[in-house]
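Please look over the sequence and the 3D view below. The report that follows goes through rings, strands, a charged side chain and some backbone angles.

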Amino acid sequence: MLTRLTALPRDARDTLFLLAVIAWVLLPQVNELPLWCSALAAAVLLWRGWLAVQAKPLPGKRWLVLLLALTVAATWLTHRTLLGRDAGVTMLVVLLTLKTLELRARRDAFVVFFLGFFCMLSNFFYSQSLLVAFSMLVGLLGLLTVLVNAHMPVGKPPLSQAAKTAGWMALLGMPIMLVLFLLFPRLAPLWGVPSDAMTGRSGLSASMQVGTIAKLALDESVALRIKFDGAPPRKQDMYFRGPVLSSFDGVEWRPPRLNTAARYGVTADLAVSGAPFNYEVTLEPTNRPWVFVMEAAAQSPALPSGYQSAMQPDLQWLANRPFTDLVRYKAQSYPAFQHGPLQSVPGLQEFRDLPPGFNPRTLALARDIRGDPNLRGADTARLVEVVLDRLRKGGYTYTLEPGVYGQHTADEFWFDRKQGFCEHIASSFVILMRAMDIPARIVTGYQGGELNSVDGYWVVRQSSAHAWAEVWQSGRGWVRVDPTSVVAPARIGEFERLLVPQGAVAQALNAFSPTLMTRLRLFWEAANNNWNQWVLNYTQGKQLELLKNIGFESPSWEDLSYVLIAIIVLAALLGAGWTLWDRAQHDPWVRLLARARKRLDKAGIASTPATSPRQLALEVASRYGKQEGSAGRMLSDWLLRLEQQRYAAAPADAGKTPPQLRALREEFKQLSWPA
């Protein structure tokens, strides 16, 4: 294969290299593009490569017009628009690949190059991770290589020299990139992140539909990172509160549509006690306004500039706008807390309601528990313990593959399947509590975390998404009850999550070294965290903090612009100084001859760099005469002596300007040059 590739003509190999670079640039977007777009782009690139290898002519315009029309129609049918981020990227990808089918001139190649740069940037609309940034750096070097190669003679020099030149260009541009990154004003993102799509995967959503997912795939992507000031809390206390769900229609749990509960006395009424934990949260983009804090935070988290947060009556913190970019904020939480009304209020009825016609066996179970003579007059805490004891001893299991539930999800859990993950367990528990006329609701969020020993951050993954319950007790308010901790204690305590089957590569690495995969993941996540902290999270506040560190007492945007202008001026002066120094390194004899040529050119005596001083002297003598003492004769003699000095014996100190050349340079100023 390699022998056949090296036997191809140089232009065919250059074309294949360009197609490979384009494929590399488009590869990270495959999961974000429509399937037809990825398939069409791959087919066009393969077609263009086959044409290059076989030295076939490029297709006519009819083919291009047909493919373009199909692309526009498919884009419209897919996105229902030709504008916007997703539709625009789809069109851009196809246009780039179609343009490779008309690479007939250098102008067409330049269009391909710059479309490639645009496609490279569009990758960051979907992800700004370290892996994507590294792959786009490789793509940038590839595009610069083909761009440099396009400016060189056809077939010469080798592609490796163009790659070397492109590498030096990238290195020379790094200082400029660094200055712009540090000092260019931080602007709000032009694009949001993709909408939430957690169906069938672990993670959080604004609602919870019970029993419709047959198999849950663990999403190991990072949701947030926590850095505690001092000793961390116990893992079983790490509950990060998200949406609270209290409205149930028989299938789906949702937040209440109207805040009637708060209107009728169900308010936060948070009271904290004990020592707090101070920590910093690095939250990945969610496209949601949910501010995740460990239960319970009495004070508003310190969000970045432009964000404000407020506590809701259900104790959830919400920002004034969604988090479409990575954010970092500080918070303070008290694991010991009490919230909600201490006495019964009318608004609690909302948390007792159940839709009619659902789960008849669960309702009968609630009547049986209430009718048990041993539980006559039992308070809420006693009834909760009875239900938890049923979960503990009734053969219930925690699994990622519970199968699809039917209409009566709680009935199937309590009496038939007796298995599920946290949403089945929490939902069935709350339904049973409400059937016993006990106010109850579902709280979603994240539970637990893993300590990364490399950088000291606690990592909370999407697979840590959890659902638990809260029941209302007189004199205590809302009390957390996590029924999953009874069914699967390891899910909460040491957080030994269920694992999905590993791939062949992971199994091979584990067989070689059981801890290798764990160490590699820790190092990679620590590198990603540093990328997030120092690059993606380089905010406006950090820019002003940088100015404060270099001496500004109260930095402002004006100070930032002054520093940026000063650096630009300094860079310009350094560039001018380097140019002057570089000119001074040239041969002084050559510079003196160039000055003479410039003077003679103004007088109408044209010359080229190959014209010798003797030839110029002859031209001056023939045009202005050879009489002794005339200006023409003096200029002609000066040119002859200049040539004689060039070929005279080298002086002992070759590093200095010879005295004869210095004399000729002084005489140059006194000569009478023809007009």
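Phenylalanine 117 is buried, at 16% relative accessibility (buried means under 20% relative accessible area, exposed over 50%, partly exposed in between, with a 1.4 Å probe and protein chains only). Phenylalanine 114 is partly exposed, with a relative accessible area of 45%. Both residues lie in helix 6 (residues 106-122), three residues apart, which is about one turn of the helix. Helices (H or I, at least four residues) and strands (E, at least two) are DSSP runs, numbered from the N terminus.

This is a predicted model, in which local features need pLDDT of at least 70 and side-chain atom pairs count only at pLDDT 80 or more, while totals for chains, interfaces and linings use all residues. Residues are numbered from 1 along each chain as its sequence is written, and side-chain values use heavy atoms, with hydrogens and water left out.

## Aromatic pairs

A pair of aromatic rings is described by the distance of the centres and the angle of the planes. The structure holds 16 aromatic pairs. One of them is formed by phenylalanine 114 and phenylalanine 117, which are tilted, at 6.1 Å centre to centre and 40° between the planes. For this term, rings of Phe, Tyr and Trp (its six-membered ring) pair if their centres lie within 6.5 Å; planes under 30 degrees apart count as stacked, over 60 as edge-to-face and the rest as tilted.

How are the rings of tryptophan 290 and phenylalanine 292 arranged? Their centres are 6.3 Å apart and their planes stand at 85°, so this pair is edge-to-face. Tryptophan 290 is buried, with a relative accessible area of 9%, and phenylalanine 292 is buried too, at 2%. Together with Tyr446, Trp290 and Phe292 form one aromatic cluster.

## Charges over rings

Two lysines are placed over tyrosine rings. The charged end of lysine 227 sits over the ring of tyrosine 457, at 5.1 Å from its centre. The charged end of lysine 418 sits over the ring of tyrosine 396, at 5.5 Å from its centre. A charge sits over a ring if NZ of Lys or CZ of Arg is within 6 Å of the ring centre and within 35 degrees of the ring normal.

## Strands and their partners

Strand 3 (residues 239-245) has seven of its seven residues buried, so this strand is largely enclosed by the rest of the structure. Five bridges join strand 3 to strand 15 (residues 440-447), and the two run antiparallel. Tyrosine 239 has glutamine 447 in strand 15 as its bridge partner. Two strands pair if DSSP finds at least two bridges between them. Strand 11 (residues 327-333) is mostly covered, with five of its seven residues buried. Strand 11 runs antiparallel to strand 7 (residues 277-283), and seven bridges join the two. Leucine 283 has valine 327 in strand 11 as its bridge partner.

There is also an open sheet of three strands, in the order 8-10-9, with antiparallel pairing. Why is one side of strand 8 and of strand 9 left without a neighbour in the sheet? Strand 8 (290-291) and strand 9 (309-311) stand at the edges, each with a single partner strand, so one side of each has no neighbour in the sheet. Three bridges join strand 9 to strand 10 (residues 317-319); alanine 310 has leucine 318 in strand 10 as its bridge partner.

## A buried arginine

Arginine 597 lies in helix 19 (residues 588-602). Arginine 597 is buried yet has no salt bridge (a side-chain nitrogen of Lys or Arg within 4 Å of a carboxyl oxygen of Asp or Glu). The nearest side chain of opposite charge is glutamate 643, 9.0 Å away; Lys and Arg count as positive and Asp and Glu as negative, while His and the chain ends are not counted. A polar atom of the side chain of arginine 597 lies 2.6 Å from the backbone oxygen of threonine 611.

## Backbone angles

Most residues other than glycine have a negative phi, and most peptide bonds are trans. Arginine 80 is not a glycine, yet has a positive phi of about 60°. Arginine 80 lies in the loop between helix 4 (61-79) and helix 5 (85-99) and is exposed, with a relative accessible area of 55%.

Lysine 418 also has a positive phi, of about 55°, although it is not a glycine. Lysine 418 lies in the loop between helix 12 (409-417) and strand 14 (419-420) and is partly exposed, at 28% relative accessible area. A cis peptide bond, with omega about -5°, joins glutamate 295 and alanine 296. Alanine 296 lies in the loop between strand 8 and strand 9.

Notes: A polar contact is a pair of N or O atoms within 3.5 Å; within protein, one must be able to donate a hydrogen and the other to accept it, and residues adjacent in sequence count only if both atoms are side-chain atoms.
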